[in-house]
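Biologist: I'm new to this one and would like a close look at a single part of it. Could you put it on screen and walk me through?

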Amino acid sequence: TNFSYLELGLNRQLCLGDSAVLDAGPGKTSYLWSTGDTTQKITVFDPGTYYVSVLSGNECSAIDTVEVSYYTPPVTIQASRDTICEGTQLLLTVPGVYLFEWQDGSQNPFYIVDQAGVYYVDVTDFQGCRARDSIQIWTSPRPDTPVASIIPFDPTITADTLCSGTPFALNMTTVANAENYAWIGPGNTLYSGNDINILSSTTAQSGEYYAFSIYQGCESFFDTLSLLVNPTPEVYIGLSDTVCSVSSVLLDGGAGAGYTYLWQDNSSNQTLNVTESGTYWVEVLSPQGCSQRDSVDLFFSVSPPAPELSTNGSSVNNASVCSGTNLSLSMGNITGTAYFFVASNDTTSAASSAFTYADIQTAAAGTYYAFYTLNGCPSASDSVAITIEESPEFEFAFSDSSICIGESLTLSAANVNNVTYL
């Protein structure tokens with residue numbers, strides 16, 4: 001009953017560098033700590049398990065233990081690389097919810113580096129614990145800047161205007177301390193190498209072209225060229241063709257704001273009315289000085305007259321044939337370039353003015369047409385309505401037989417309706 005209560009308390013977690021006071025309480029006749037101390041209180045600076053043994057009252061003993069540990073906030077400076085090119089910047093960041101203090105006293109959760117050196121940050125968490133991390137940043141020199149030029153001009157010409165569809169070429173000089181070369185064009189298009197060679201330009205390729213060299217991942221400063229690609233007029237006056245039985249054809253050079261026109265006959269209208277066979281061309285010029293030419297060959301001809309269609313040798317408007325027989329069509333005595341016979345479901349090109357449909361069946365009944373071409377022009381067509389009659393089918397009442405001389409045999413084709421016998 002004379003023993004004084006002993007309680008060292010809860011385990012302690014301290015910030016790194018702090019100390020803890022352990023108190024065994026008053027009223028004991030003796031104290032003995034695991035550190036060897038014999039006082040009521042001790043101050044500890046290192047992590048570990050500490051215990052104390054005490055005597056009290058009638059020499060009653062007691063022992064208690066407490067664990068002391070140290071905590072450091074986790075801190076890591078993050079960077080995408082450890083080397084930057086001269087004249088460029090690098091962003092340093094530190095993840096976590098802390099109070100920050102960088103080596104220059106700034107207190108942002110990030111730091112922008114533009115020079116080589118050692119950079120560090122001290123962080124403090126919500127418990128007041130502090131920690132530090134550092135990073136070494138290096139710099140790499142930029143390579144020399146190449147000189148860019150528009151072929152075939154000298155480097156003093158840094159801008160040019162051209163028309164879409166025309167080629168262009170760009171070049172940059174080599175420099176002593178470069179490993180690679182590249183361009184950045186309009187739309188952030190990347191071109192590798194010293195040269196850009198475009199066989200057919202487009203208006204989308206208008207803009208700035210930046211030439212630079214590369215050494216150990218570092219880019220030189222840019223040399224810049226400027227190109228303006230103006231649209232070239234789109235000109236189409238048609239396909240070369242034979243024009244049949246018309247007196248004129250209107251050719252159109254196409255509309256465009258500010259366009260001017262020059263035809264082969266020196267006329268300057270947008271359209272040209274053509275009445276004779278020949279070669280015709282137009283050149284269209286835009287206000288920006290871009291031109292385009294198109295040409296066409298036209299041959300005026302007259303459609304030949306329609307043929308006179310004969311069926312199995314007869315010139316009729318309607319004809320009837322039996323299924324299983326041949327249907328012969330003829331255009332008569334005409335001279336053409338090509339001959340065409342048109343059935344209900346097919347068009348046949350024939351080598352001559354006559355054509356035969358062999359073994360014709362009832363499904364092929366209908367109107368048949370014929371026409372031909374001469375000097376590139378098709379004739380009108382002639383037609384005939386074809387009815388196809390079903391041919392009768394029958395069998396003799398018996399199979400093949402032999403008879404003796406002097407005997408007779410009756411052949412019968414009976415039971416076939418609506419027929420006559422020959």
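Is Glu 208 buried, partly exposed or exposed? Please take me around that residue and its surroundings.

Modeller: Before we zoom in, a word on what you see: this is a predicted model, where local features need pLDDT of at least 70 and side-chain atom pairs count only at pLDDT 80 or more, while totals for chains, interfaces and linings use all residues. Residues are numbered from 1 along each chain as its sequence is written, and side-chain values use heavy atoms, with hydrogens and water left out.

Now to your residue. Glu 208 is partly exposed, because its relative accessible area is 33%; buried means under 20%, exposed over 50%, and partly exposed in between, with a 1.4 Å probe and protein chains only. Glu 208 sits in strand β19, residues 207-215. Strands here are DSSP runs of E with at least two residues, and helices are runs of H or I with at least four, both numbered from the N terminus. The chain has 36 strands and zero helices.

What's around it? Leaving out residues up to four places away in sequence, Glu 208 touches Ile 184, Gly 185 and Pro 186, plus Thr 224, Leu 225 and Ser 226. Contact here means heavy atoms within 4.5 Å. Take Gly 185: 23 residues separate it from Glu 208 in sequence, yet their C-alphas are 6.1 Å apart. With Ser 226 there's a polar contact too, side chain to side chain, at 3.5 Å. That term covers a pair of N or O atoms within 3.5 Å; within protein, one must be able to donate a hydrogen and the other to accept it, and residues adjacent in sequence count only if both atoms are side-chain atoms.

Follow strand β19 onward and you get to Gln 216, in the loop between β19 and β20 (218-219). Gln 216 is exposed, because its relative accessible area is 51%. Its phi is near 50°, a positive value in a residue other than glycine. Asn 188 does something along those lines: its phi is positive, about 60°, although it is not a glycine. Most residues other than glycine have a negative phi. You'll find Asn 188 in the loop between β16 (180-185) and β17 (189-192), and it counts as exposed because its relative accessibility is 69%.

Zooming back out, the C-alpha trace of the chain spans about 165 × 90 × 40 Å along its principal axes. Of its 422 residues, 33% count as buried.
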